Amino acid sequence: MKIAIIGTGNLGESIARGLIAANAITSLYLTKRNIEGLESFDGYKDVVLTSDNVEAVQQSDILIFAVQPRHFEGILEQIEPLLTEKHVLISTITGYSIDKMEAVVGQERFVIRAMPNTAIAVGKSMTCICSNELGKKRIKVAEAIFNRLGTTIAIPETQMQAATVVCASGIAFWMRLIRATTQAAIQLGFDAKEAQELAMHTCEGAASLLITSGNHPEQEIDRVTTPKGCTIEGLNQMEHKGLSSSLIQGMVSSFNKINTIKTEQL
């Protein structure tokens, strides 16, 4: 696939690393105003670093946009005259609707929104995808890209804001939980390196159990809780302190904030 990532910041870099690791490219153009920040990609076969969006668009079929929202409209206006019937436009930009993209590039374009997370760099992203009517004909292209970099799910655009909180912001939420587990392990006597390793792999194991078995979390919890045991004692204490309610409230707050951001952009 001939792919360009327009705006190779943190997310763009993660996507690029995932695409390279998955051998998913025929060519990959990475654009950034200051390409010195992309020096770690220098030397990769079929990877071109450039500050020229025009060159990247002309040499690519699939355009993945990962720029700041305030810059996106100007970039779309810049490249619109260059677009052909072959181009597939994939936006990863939070809060920027398909309608707003179509207002610049027209409804006759293949327009797709994708919301990956930074785990895409290690092929473990949970990516949510939606499209305009014409884009439905190319949704499999987006799925083919992002399934090489993790797992995808197609959802209505009305759920994209919520998906951003659950999947993209969710990486930070899970990192904080792993950090807290690490701190507890240190207090219980493990050194910092051991504590983090215990926390990380236990988290991975818990998720893998659910993915593989298809079970509800409570089914797996029941497997490790015994009457008057240490596990249920710990779980109940965490709930008394508001673990579940705090996490839910935090995610709802993030959702409310992202909707505020969207309103400000309109």
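Student: Helix 3 (residues 69–79) lies across strand 1 (2–6), strand 4 (62–65) and strand 5 (88–91); at about what angle to strand 4 does helix 3 run?

Tutor: The model is predicted, so local features need pLDDT of at least 70 and side-chain atom pairs pLDDT 80 or more, while totals for chains, interfaces and linings use all residues. Residues are numbered from 1 along each chain as its sequence is written, and side-chain values use heavy atoms, with hydrogens and water left out. Axes are lines fitted to C-alpha atoms, for helices over the stretch in contact, and angles run from 0 to 180 degrees between N-to-C directions. On that scale, helix 3 runs relative to strand 4 at about 160°.

Student: How many helices and strands are there in the protein?

Tutor: Both are DSSP runs numbered from the N terminus: helices are H or I runs of at least four residues, and strands are E runs of at least two. Counted in this way, the protein has ten helices and eight strands.

Student: Which strands are the edge strands of the sheet?

Tutor: Two strands pair if DSSP finds at least two bridges between them. Eight strands form an open sheet with mixed pairing, in the order 3-2-1-4-5-6-7-8. Each edge strand pairs on one side only, and the two are strand 3 (47–50) and strand 8 (150–154).

Student: In strand 7, which residue is the bridge partner of Ile112?

Tutor: Strand 6 (residues 110–115) and strand 7 (residues 125–131) run antiparallel and are joined by four bridges. For Ile112, the partner in strand 7 is Ser131.

Student: Which residue of strand 6 stands opposite Ser91?

Tutor: On another side of the pairing, strand 6 joins strand 5 in the parallel sense over four bridges. These two strands and helix 4 (residues 98–105) make a right-handed β-α-β unit; right-handed means that, with the strands pointing away from the viewer, the path from the first strand over the helix to the second runs clockwise. The residue opposite Ser91 is Arg113.

Student: How many of the six residues of strand 6 are buried?

Tutor: Buried means under 20% relative accessible area, exposed over 50% and partly exposed in between, with a 1.4 Å probe and protein chains only. In a regular strand the side chains alternate between the two faces of the sheet. Phe110, Ile112 and Ala114 point one way, whereas Val111, Arg113 and Met115 point the other way, and all are buried. Strand 6 is therefore largely enclosed by the rest of the structure, the buried count being six of the six.

Student: Is Met101 buried or exposed?

Tutor: Met101 is placed in helix 4. Contact means heavy atoms within 4.5 Å; leaving aside neighbours within four places in sequence, Met101 is in contact with residues including Phe72, Leu76, Leu89 and Val111. Because the relative accessibility of Met101 is 0%, the residue counts as buried.

Student: What is the relative accessible area of Leu63?

Tutor: Leu63 lies in strand 4. Leaving aside neighbours within four places in sequence, Leu63 is in contact with Ala4, Val57, Ile79, Leu83, His87, Val88, Leu89 and Ile90. Leu63 is buried, and the value is 0%.
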